[in-house]
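Visitor: I would like to learn how to read the packing of helices in a model. Could you take me through it step by step?

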Amino acid sequence: MTVKSGKRHQAKLWMVAAGLMALGLLGGATNGNALAEDTYSALQLSPAPVQKKASTTATPSVSLPDDPAEAKSLPTEGELYGVVIKVEPSGQPASERPFSKPVQGVETLQTVTIRLETNPKTLNLKSNQIQVENVLGENPAYNIPLKPGARVLLHAEKDAKTAQWQFYLANRNRTPALMILGAITVMAIVLLGGAEVTKHAVLVALMLTGCYKALFPALLAGTTGPYWIFLMCGMFTILGTFIYQTPGSKAFSREQSVVILSTLGGLLILAAIMWVMGEITPLNGYSSEGLASLWHRSPHMDYWTLFMAGLLFAFQGFLFYLCWTLAQNRKDSELLSFWQRFDIVMLRGRRMMGPLISSLGLLFVGLFMPLLLQMEGTPTAQFVNLESTASIIAFAFSGGLTLMLTVPLTALIAGWRLSTKAHVERES
């Protein structure tokens with residue numbers, strides 16, 4: 001088999017696998033459409049309520065359609081983007097502002113003039129400029145400091161009595177900056193990483209698409225979530241092994257089988273550890289506020305499966321990298337026995353685990369630094385036993401334990417598949 005035919009063979013395998021994943025996602029999206037509420041693309045509707053105590057607005061007039069059916073079909077709330085033109089102190093006392101409750105401490109009231117970047121026709125506004133009030137208090141959690149040129153996200157809500165639109169400052173518009181950073185990252189992946197890194201990025205994109213189109217609708221309905229987790233983990237692992245396949249080599253080689261079996265075995269170990277933890281002390285991975293928000297969205301949601309999905313997806317990349325590195329048959333010319341191969345893989349694993357565990361630990365420390373800061377002044381027993389804190393600790397410890405146990409598992413599988421007996425059987 002030539003190199004060109006080997007590359008053509010890999011391309012066919014990727015096309016078939018991508019097609020199967022696309023069919024699965026299409027089926028999941030079709031089943032999940034019944035769970036979604038009707039949305040209006042012009043307004044990018046958001047069902048979640050917005051905290052109005054941070055800001056209030058002036059009310060531009062709006063004309064309603066004459067047809068009652070058309071008026072009923074129009075949206076009543078949504079999100080808009082805008083750019084700050086002018087910020088000036090408001091002459092209205094803070095205690096008299098409408099649609100807002102007073103907060104403790106000193107408040108600064110600002111009148112912000114905003115030019116709308118999106119002006120849907122359904123709003124029928126007379127001008128693309130509006131004025132909103134921005135409240136700056138002592139608590140920085142509710143403050144949105146603004147200056148001319150700042151991009152903001154506005155929440156629009158129609159008053160049921162007056163049929164007029166009210167606008168509220170929801171947050172800064174961080175979308176353009178994130179899109180620029182994402183575009184630069186994609187360019188770096190394609191130009192510097194080459195085909196191999198690009199394929200890994202495509203795998204991550206497929207996983208993210210699968211979460212939104214198939215897994216989340218299934219979890220919200222409390223139905224087939226575990227099946228989608230199994231399918232997505234399996235597809236990621238199998239497709240990932242073909243990225244580094246030598247052109248012209250046979251599909252599903254011995255090294256590939258070691259990686260697939262070891263990675264899936266490690267995921268099963270991780271799932272078993274968390275299942276035992278769940279039986280000993282129930283965990284769901286969410287704070288009280290987060291769990292209440294999810295329950296409000298879907299009372300039938302499978303919270304435990306969502307927590308498990310996040311855990312398995314988070315460590316799948318680490319497990320795949322570990323198993324692939326351990327499975328490399330660097331001494332292919334030497335026919336080694338089962339225990340010789342086992343010892344070699346175990347030695348590699350011990351050398352890798354130190355940097356891998358330390359990198360994983362520092363990653364968790366960096367991600368959860370704000371949560372660790374909350375421990376200051378909080379009794380240790382209360383802090384550790386919080387639902388969110390206990391879930392994070394279990395998340396980190398179970399992942400580290402899984403990585404350690406996956407090393408001997410990979411060594412056993414490599415000894416079975418890459419030993420002298422396996423070579424002899426392959427030649428015969």
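Visitor: At what angle do the axes of H4 and H5 cross, and within what distance do they come?

Guide: Two packed helices are described by the angle between their axes and the distance between the axes. Here the axes of H4 and H5 cross at roughly 155 degrees and come within 10 Å; axes are lines fitted to C-alpha atoms, for helices over the stretch in contact, with angles running from 0 to 180 degrees between N-to-C directions. Helices are DSSP runs (H or I, at least four residues), numbered from the N terminus. This is a predicted model, in which local features need pLDDT of at least 70 and side-chain atom pairs count only at pLDDT 80 or more, while totals for chains, interfaces and linings use all residues. Residues are numbered from 1 along each chain as its sequence is written, and side-chain values use heavy atoms, leaving out hydrogens and water.

Visitor: Are H4 and H5 roughly parallel or roughly antiparallel to each other?

Guide: Angles under 35 degrees count as roughly parallel, over 145 as roughly antiparallel, 65 to 115 as roughly perpendicular and the rest as oblique. H4 and H5 are therefore roughly antiparallel.

Visitor: How do H4 and H7 pack?

Guide: Their axes cross at roughly 15 degrees and come within 11 Å, which means that H4 is roughly parallel to H7. Ile229 and Phe236 are among the H4 residues that meet H7, where the partners include Ala309 and Phe313.

Visitor: And at what angle do H3 and H7 pack?

Guide: H3 (residues 175-221) and H7 (residues 303-327) pack at about 170 degrees, with their axes 12 Å apart, so H3 is roughly antiparallel to H7. In this contact, Leu215 is one of the H3 residues, and Phe313 one of those in H7.

Visitor: Which residues have the most contacts inside the largest nonpolar core?

Guide: In soluble globular proteins, nonpolar side chains tend to be buried together. A nonpolar core is a set of buried Ala, Val, Leu, Ile, Met, Phe, Trp, Tyr and Cys residues joined through side-chain atoms within 4.5 Å, where buried means under 20% relative accessible area (1.4 Å probe, protein chains only). The largest one has 55 residues, and Leu215, Phe315, Leu322 and Leu403 have the most contacts inside it. H7 gives the most to this core, with 14 residues.

Visitor: What does Leu215 touch?

Guide: Not counting residues up to four places away in sequence, Leu215 touches Gly210, Gly225, Trp228, Ile229, Met232, Ala309 and Phe313.

Conventions: Helix = DSSP H or I, 4+ residues; strand = E, 2+ residues; numbered from the N terminus. Contact = heavy atoms within 4.5 Å. Buried < 20%, exposed > 50% of the residue type's maximum accessible area, 1.4 Å probe, protein only.
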